[in-house]
Amino acid sequence: MKPDDSNLAAPIFYDPAYELVEPDEKEVEAGLIAALKEISETTFKHSGHAMRSVHAKSHGLLRGELEVLGGLPANLAQGVFARPGVYPLVMRLSTTPGDMLDDKVSTPRGMAIKLVGVSGARLPDSEADVTQDFVLVNGPAFAVASARKFLGTLKLLAKTTDKAPKLKQALSLLLRGAEEMLESAGKHSSTLMAMGGHPPNHVLGETYYSQAPLLWGPFMSKVSVAPVSANLTALAGAQVELRGKPDGLREAVCEFFAANDAEWELRVQLCTDLERMPIEDASVVWPEEASPYVTVARIRVPRQAAWSEARSRAIDDGMSFSPWHGISAHRPIGSIMRIRKAAYSFSAGFRARHNGKSTAEPIDLGKLPD
């Protein structure tokens, strides 16, 4: 959607009182770190290489640029998007598990974006950096409402990490069948999708969402990245043949970018109703009839080699992505976002210690392998 004040209800100004920190949130955070540690140690023991505790497997590692649109109304022209400009970026496409599964175990897709050359007051522990990250998944809301409920899900994933991959493939087929039955009845299960019931759709045809909220200057928002070039929109709902292709999603991304440029829109949805658009319940889809997603920037990715061992060493091993890498104008809010700070920091530190490779934030992308 193009920016247009007439399409926007008045956004609500952020107030710290809207964030309700639970009394046991620090204990939940500690439990989350313990579960992530279990996942990371399990995969490191079996592979000899430290990987992300979640979103371990990358399917595309891309270089591109984000152009902030001119003429944005004041409520949209905030933070990184306060004025027109162009930022180089890295885009990482992934799936959610913390182990390297055959792509036939089909799980939700992720998109992480790192902008470079961003100025402004920084978030804690990123004061010396010039980056802004957006960490997105292909669903408009988080699977569970709060950090406490997420801990229960993560504990289950920790116990099944790196175990019985063939069984997981068979289970994925069953779960996809169950999910299709629910969808035929007009229903949907994020739990089935997360466990392997996601349809084997092309990662480039998906729309990605922050799911949990972040500040948008003085306001509150969620963010989305949607495909807009015709060659991407043609992939919406298109399924990838994965039989005999354990890395079939990566192969599909590489095949696409060998011959194509691509374009997405970055869109923002401002909070206009705290009852219908809660801050502390990340499982609620904010209704677009109350506040539509509005385009504030274009992302352009040229044709390129979309994945290589050299680029994997530079990005998978050498970079970390976190919603807490950025400027204060886009501070993450709500319990899911608050515990992510420690979680992402732990994961990056674990990989750096065990792989002997730092994950310092880039100041430019000139040395990124082509």
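Tyr209 is buried, at 14% relative accessibility, where buried means under 20% relative accessible area, exposed over 50%, and partly exposed in between (1.4 Å probe, protein chains only). Tyr293 is likewise buried, with a relative accessible area of 9%. The model is predicted, so local features need pLDDT of at least 70 and side-chain atom pairs count only at pLDDT 80 or more, while totals for chains, interfaces and linings use all residues. Residues are numbered from 1 along each chain as its sequence is written, and side-chain values use heavy atoms, with hydrogens and water left out.

A pair of aromatic rings is described by the distance of the centres and the angle of the planes. Rings of Phe, Tyr and Trp (its six-membered ring) pair if their centres lie within 6.5 Å; planes under 30 degrees apart count as stacked, over 60 as edge-to-face and the rest as tilted. By this rule the count comes to seven aromatic pairs. One of them joins Phe13 and Phe219, a tilted pair with 4.8 Å centre to centre and 45° between the planes. Phe13 lies in the segment before helix 1 (25-47) and Phe219 in strand 7 (residues 219-227), so the pair links parts of the chain 206 residues apart. Helices (H or I, at least four residues) and strands (E, at least two) are DSSP runs, numbered from the N terminus. Phe13 counts as exposed at 53% relative accessibility, whereas Phe219 is buried at 7%.

The rings of Tyr209 and Tyr293 form an edge-to-face pair, 5.8 Å centre to centre with 65° between the planes. Tyr209 belongs to strand 5 (residues 208-209) and Tyr293 to the loop between strand 8 (262-270) and strand 9 (294-301), so this pair ties together parts that are 84 residues apart in sequence.

A charge sits over a ring if NZ of Lys or CZ of Arg is within 6 Å of the ring centre and within 35 degrees of the ring normal. The charged end of Arg250 sits over the ring of Trp307, 3.8 Å from its centre, and that of Lys114 over the ring of Phe321, 4.8 Å from its centre.

Pro302 is placed in the loop between strand 9 and helix 7 (309-317) and is partly exposed, with a relative accessible area of 40%. Contact means heavy atoms within 4.5 Å. Leaving aside residues up to four places away in sequence, Pro302 touches Arg63, Gly64, Phe257, Asn260 and Asp261. Pro302 and Asn260 are 42 residues apart in sequence and 7.0 Å apart in space, C-alpha to C-alpha.
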